[in-house]
Amino acid sequence: DIERDVRTVSRQSIIAARDLPAGHILRRGDLTFKRPGTGLAPFRTAEILGKPLATAARADMPLTEAHIG
């Protein structure tokens, strides 16, 4: 159980590099990677590039399934 907590903190998420409005088509420059790993994992970057945001994403917030919808 202790290792589970460490994994969440040490893993990274896909993060909005700036405020992005709903409907925005995601490009590589819109994204960065930071800790903690509470959002979409970086290995999913290619999967979400070119897709529109279902909901707005604020800068420095992890992207989730709800953002991509």
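This is a predicted model: local features need pLDDT of at least 70, side-chain atom pairs count only at pLDDT 80 or more; totals for chains, interfaces and linings use all residues.
Which residue forms a salt bridge with Lys34, and how far apart are the closest N and O atoms?

Residues are numbered from 1 along each chain as its sequence is written, and side-chain values use heavy atoms, with hydrogens and water left out.

Okay, the overall layout. The chain has 3 helices and 2 strands, and from the N terminus on, the order is α-β-β-α-α. Helices here are DSSP runs of H or I with at least four residues, strands are runs of E with at least two, and both are numbered from the N terminus. Of the 69 residues, 28% are buried. Buried means under 20% relative accessible area, exposed means over 50%, and partly exposed is in between, with a 1.4 Å probe and protein chains only.

Let's look at the strands. E1 and E2 run antiparallel, joined by 4 bridges; two strands pair if DSSP finds at least two bridges between them. Ser13 has Lys34 in E2 as its bridge partner. In a regular strand the side chains alternate between the two faces of the sheet. In E1, residues 13-16, Ser13 and Ile15 point one way, Ile14 and Ala16 point the other way, and all are buried.

Back to my opening question. Lys34 forms its salt bridge with Asp60, and the closest N and O atoms are 2.6 Å apart. This pair links distant parts of the chain, with Lys34 in strand E2 and Asp60 in the loop between H2 and H3, 26 residues apart. By salt bridge I mean a side-chain nitrogen of Lys or Arg within 4 Å of a carboxyl oxygen of Asp or Glu.

Another one joins Arg44 and Glu47, at 2.7 Å from N to O. Arg44 has a relative accessible area of 18%, so it is buried, whereas Glu47, at 41%, is partly exposed. Then there's Asp30 with Arg27, where the closest N and O atoms are 3.9 Å apart. Asp30 counts as buried because its relative accessibility is 2%. Arg18, Arg27 and Asp30 are linked in a network of salt bridges.

Most residues other than glycine have a negative phi, and most peptide bonds are trans. Pro36 is in the loop between strand E2 (31-34) and helix H2 (45-48).

Last stop, the inside. The largest nonpolar core has 11 residues, including Ile14, Ala16, Leu31, Ile48 and Leu63. Such a core is a set of buried Ala, Val, Leu, Ile, Met, Phe, Trp, Tyr and Cys residues joined through side-chain atoms within 4.5 Å. What does Leu63 touch, leaving aside its neighbours within four places in sequence? Its contacts (heavy atoms within 4.5 Å) are with Ile14, Ala16, Leu26, Leu31, Gly39, Leu40, Ile48 and Ala57. And across the chain, residues 24 or more positions apart account for 56% of the contacts with a separation of 6 or more.
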